[in-house]
Amino acid sequence: MHIVLAEPLGIRPELLEQYAGELRALGHEFTSYGSRPEDLPALCRRVEDADAVILANMPFPGEAVQAGKRLRYVDIAFTGVDHVDIDACKAQGIAVSNASGYSDTAVAELAFGLMLGLSRRILPCDRAARARGTKDGLIGTELFEKTLGVVGTGKIGTAIIRIALAFGMKVLACSRTVKPELEAMGVRFLPLEQLMAESDIVTLHVPQNPETTGLISRELLERMKPTALLINTARGPIVDNAALAELLKAGRIAGAGIDVFETEPPIPQNHPLVSAPNTILTPHVAFATQEALERRAAIVFRNLKGWLEGTVLNQVC
């Protein structure tokens, strides 16, 4: 089998070589690339003679799927799969796996970091200190006893809830299913409209799909308290970011911590959130810690081994 790692996994070279060596010892060919392809034709050339392809979060459209004449397996080193043409994979009988769970802790910690950064005005405080300023005008707020609204109570949402409860926060949740184990911890499940209106901070942890694209609309954003914060470490298109920027500029929402956008960073300088006040923008880094990337690699190569042995693990299709 020819296995192609089409983009870097962000792990130590010696660790990658360890995985590659194990595959070669089994008689497989392994090709890895140290950078992303420049364009779609370059991507197609990388996969044209591959039996299995490993990729992270770069787009993998139908043209790339079709270019892989021998392609039988796509091993996605990511939780979300909206960047891969799953229908094209199904049409060609290609099995697809993901790496769900590798970054639950990493994403939860960054989401909470954004809450702390906004609440305590850490970036403005840093700028003031460097400019020989004082705390004047920089008094923040505490998270203790504030109400956190968690949209989506999967593994990441649940991790956020545990951290919030440790901080002494009250927690509201909105999810497709009510979870008795979270209710037993004091979490109240509410409709989304009510959660948006009652929360001091809203944090998003749902996948992107046709049902969730545009989920956090202008109407829902307008229901938020003027003192409230919005945190998005899920997917950019879940939120109407143009409306969010307008409401931030008008003082209708107090602040936002955003890690994800409509496209992968770098984002354009005219993106509406770039000029919005009281924001912390990060370049889709929530999932990326050293520990998470190594967990991801372990899952990816375990998936690959399973497929080579006839079992599709973490199967998407």
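The model is predicted, so local features need pLDDT of at least 70 and side-chain atom pairs count only at pLDDT 80 or more, while totals for chains, interfaces and linings use all residues. Residues are numbered from 1 along each chain as its sequence is written, and side-chain values use heavy atoms, with hydrogens and water left out. Helices (H or I, at least four residues) and strands (E, at least two) are DSSP runs, numbered from the N terminus.

**Aromatic contacts**

- There are 5 aromatic pairs in the structure; rings of Phe, Tyr and Trp (its six-membered ring) pair if their centres lie within 6.5 Å, and planes under 30 degrees apart count as stacked, over 60 as edge-to-face and the rest as tilted.
- Take Phe-30 and Phe-301: the ring centres are 6.2 Å apart and the planes sit at 50°, so this pair is tilted.
- Phe-30 belongs to strand E2 (residues 29-32) and Phe-301 to helix H12 (residues 290-308), so the pair ties together parts that are 271 residues apart in sequence.
- Phe-30 and Phe-301 are both buried, where buried means under 20% relative accessible area, exposed over 50% and partly exposed in between (1.4 Å probe, protein chains only).
- Phe-78 and Phe-287 have ring centres 5.1 Å apart and planes at 75°, so that pair is edge-to-face.
- Phe-78 is in the loop between strand E4 (73-76) and helix H4 (86-91), and Phe-287 is in the loop between strand E12 (279-281) and H12, so this pair ties together parts 209 residues apart in sequence.
- Phe-78 counts as buried at 4% relative accessibility, and Phe-287 does too at 13%.
- Tyr-33 has Arg-46 over its face, 4.1 Å from the ring centre; the cut-off is NZ of Lys or CZ of Arg within 6 Å of the ring centre and within 35 degrees of the ring normal.

**Strands**

- E1 (residues 2-5) points His-2 and Val-4 one way and Ile-3 and Leu-5 the other, and all are buried.
- E1 pairs with E2 in the parallel sense over 4 bridges, pairing being at least two DSSP bridges between two strands.
- Leu-5 has Ser-32 in E2 as its bridge partner.
- Strand E9 (residues 201-204) is covered on both faces, with Ile-201 and Thr-203 buried on one side and Val-202 and Leu-204 buried on the other.
- E9 runs parallel to strand E6 (residues 147-151) over 4 bridges, and Thr-203 in E9 stands opposite Val-150.
- E9 is also joined by 4 bridges to strand E10 (residues 229-232), again parallel, with Leu-204 opposite Asn-232 in E10.

**Helix H12**

- H12 has 19 residues and spans 27 Å from first C-alpha to last, close to the 27 Å expected at 1.5 Å a residue; the expected span is 1.5 Å times one less than the number of residues.
- The buried residues of H12 include Ala-292, Arg-296, Phe-301 and Trp-307.
- Gly-310, which follows H12, has a positive phi near 100°.

**Largest pocket**

- The largest pocket has a volume of about 1100 Å³, and a volume is the space filled by probe spheres set on grid points joined across faces, edges and corners.
- On a 1 Å grid over the protein atoms alone, a pocket is an open set of points where a 1.4 Å probe fits, with protein on both sides within 12 Å along at least five of seven lines; lining residues have an atom within 4 Å of a point.
- The lining has 42 residues, with Thr-79, His-205, Val-206, Pro-207 and Gln-208 nearest the centre.
- H7 (155-166) and H5 (104-119) each supply at least two lining residues, and H7 gives the most, with 3.
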